[in-house]
Structure formats: C-alpha cells, structure tokens
Amino acid sequence: MESPTSKTAEIDYPLHLIGFEFEDLSSQRVAGHLTVTHKCCQPFKVLHGGVSALLAESLASIGAHIACGYQRVAGFQLSINHLKSAELGDLVYAEATPLNVGRTIQVPTSLALFVSLKF
C-alpha cells in the first residue's frame, strides 16, 4: 500500500515538501492535512500566508483537474482571508469543494482551513 506522503509527492511536489498529506481526492472534494512545522512558518512561528495560498490554489486546481476529466486547468482568481492563525505544531486540515462545476469554468471553489490543537 502506498503511503500518503508518496501519494502527495506524486500529485503535488510543493505540497509534499511542506509535509501535506492527502486524505481524499475526488471531483467533489480534495482534502488533507498539514502539521505546521518550521518549513511553513513565518519567523513568528505561525503558518505563512503564502502556504495558505499554496494550499488553496493546489487543492482547488487538483479538484478542477479531476472534474474536467484530467484536462489541463488554470486558476484565474485567488482570494485569501486569514481569520485565525495556526501556530507551530498545530494540525491544519484543508478541504476544497466546488460550488459550481461548469463545462468550461469552475467558479468559485471554496477552501476551508481548520486548525486543531497541538498534539
């Protein structure tokens, strides 16, 4: 059986490099988790906002890629709002679900990041 880490490396290498692990891959839901480590933190020991953007863009693009029959896709708009910080050691759960799956455009795709307490 393939480990989640090797599945992540095969699907999205930048996510693999920061420790993200996929849990679900489908046209209706792409989800996984990330433990906040020094690889993805600001100097203040909180999750870097760019990592949130990487998660949003990657998960939404993967879902769109699956939904359109594995054709090439490209995002054209990304907006990030940080409502709560994730600190070093926190577990971040990310989930992307489409609000509308069109024939040529899938807009918008929502991404939710949930932070759980340190282990």
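His-16 is found in helix H2, which covers residues 13-17; helices (H or I, at least four residues) and strands (E, at least two) are DSSP runs, numbered from the N terminus. With a relative accessibility of 21%, His-16 counts as partly exposed. Here buried means under 20% relative accessible area, exposed means over 50%, and partly exposed lies in between, with a 1.4 Å probe and protein chains only. His-16 and Leu-34 are 18 residues apart along the chain, and their C-alpha atoms are separated by 9.7 Å.

The structure is a predicted model, in which local features need pLDDT of at least 70 and side-chain atom pairs count only at pLDDT 80 or more, while totals for chains, interfaces and linings use all residues. Residues are numbered from 1 along each chain as its sequence is written, and side-chain values use heavy atoms, with hydrogens and water left out.

Stepping back to the whole chain, the protein contains three helices and four strands, and these follow the pattern α-α-β-β-α-β-β along the sequence. Of its 119 residues, 27% count as buried. The chain exposes about 7,500 Å², and carbon and sulfur atoms supply 57% of that area; accessible areas come from the Shrake-Rupley method with a 1.4 Å probe, and for residues only the protein chains shown count as cover. Among contacts (heavy atoms within 4.5 Å) with a separation of 6 or more, 57% are made by residues 24 or more positions apart.

For Leu-47, leaving aside neighbours within four places in sequence, the residues in contact are Leu-34, Val-36, Cys-40, Cys-41, Gln-42, Ser-52, Ala-86 and Val-92.

Helix H3 deserves a visit of its own. At 1.5 Å a residue, its 19 residues should span 27 Å, and the C-alpha atoms at its ends are 27 Å apart, which agrees; the expected span is 1.5 Å times one less than the number of residues. The buried residues of H3 include Val-51, Leu-55, Leu-59, Ile-62 and Ile-66. Just after the helix, Gly-69 takes a positive phi of about 75°.

Two residues that are not glycine also draw attention through their backbone angles. Most residues other than glycine have a negative phi. Tyr-70, however, has a positive phi of about 65°; this residue lies in the loop between H3 and E3 and is exposed, with a relative accessible area of 56%. Lys-45 likewise has a positive phi, near 65°. Lys-45 is found in the loop between E2 and H3 and is partly exposed at 48% relative accessible area.

The loop between H3 and E3 also holds Val-73, which is partly exposed with a relative accessible area of 31%. Not counting residues up to four places away in sequence, Val-73 touches Ser-61, Ala-64, His-65 and Cys-68. Val-73 is 11 residues from Ile-62 in sequence, and the two are 8.7 Å apart in space, C-alpha to C-alpha. Asp-90 sits in the loop between helix H3 (49-67) and strand E3 (91-98) and is buried, with a relative accessible area of 7%. A polar atom of the Asp-90 side chain lies 2.7 Å from the backbone nitrogen of Glu-87.

Charged side chains complete the tour. A search of the whole structure finds two salt bridges, a salt bridge being a side-chain nitrogen of Lys or Arg within 4 Å of a carboxyl oxygen of Asp or Glu. In one, Arg-29 pairs with Asp-24, with the closest N and O atoms 2.7 Å apart. In the other, the side chains of Arg-29 and Glu-95 meet at 3.1 Å, N to O. Arg-29 lies in the loop between strand E1 (21-25) and strand E2 (30-35) and Glu-95 in strand E3, so this pair ties together parts that are 66 residues apart in sequence. Through shared partners, the salt bridges join Asp-24, Arg-29 and Glu-95 into one network. Arg-29 is partly exposed at 27% relative accessible area, Asp-24 is partly exposed at 24%, and Glu-95 is partly exposed at 22%.

Notes
A polar contact is a pair of N or O atoms within 3.5 Å; within protein, one must be able to donate a hydrogen and the other to accept it, and residues adjacent in sequence count only if both atoms are side-chain atoms.
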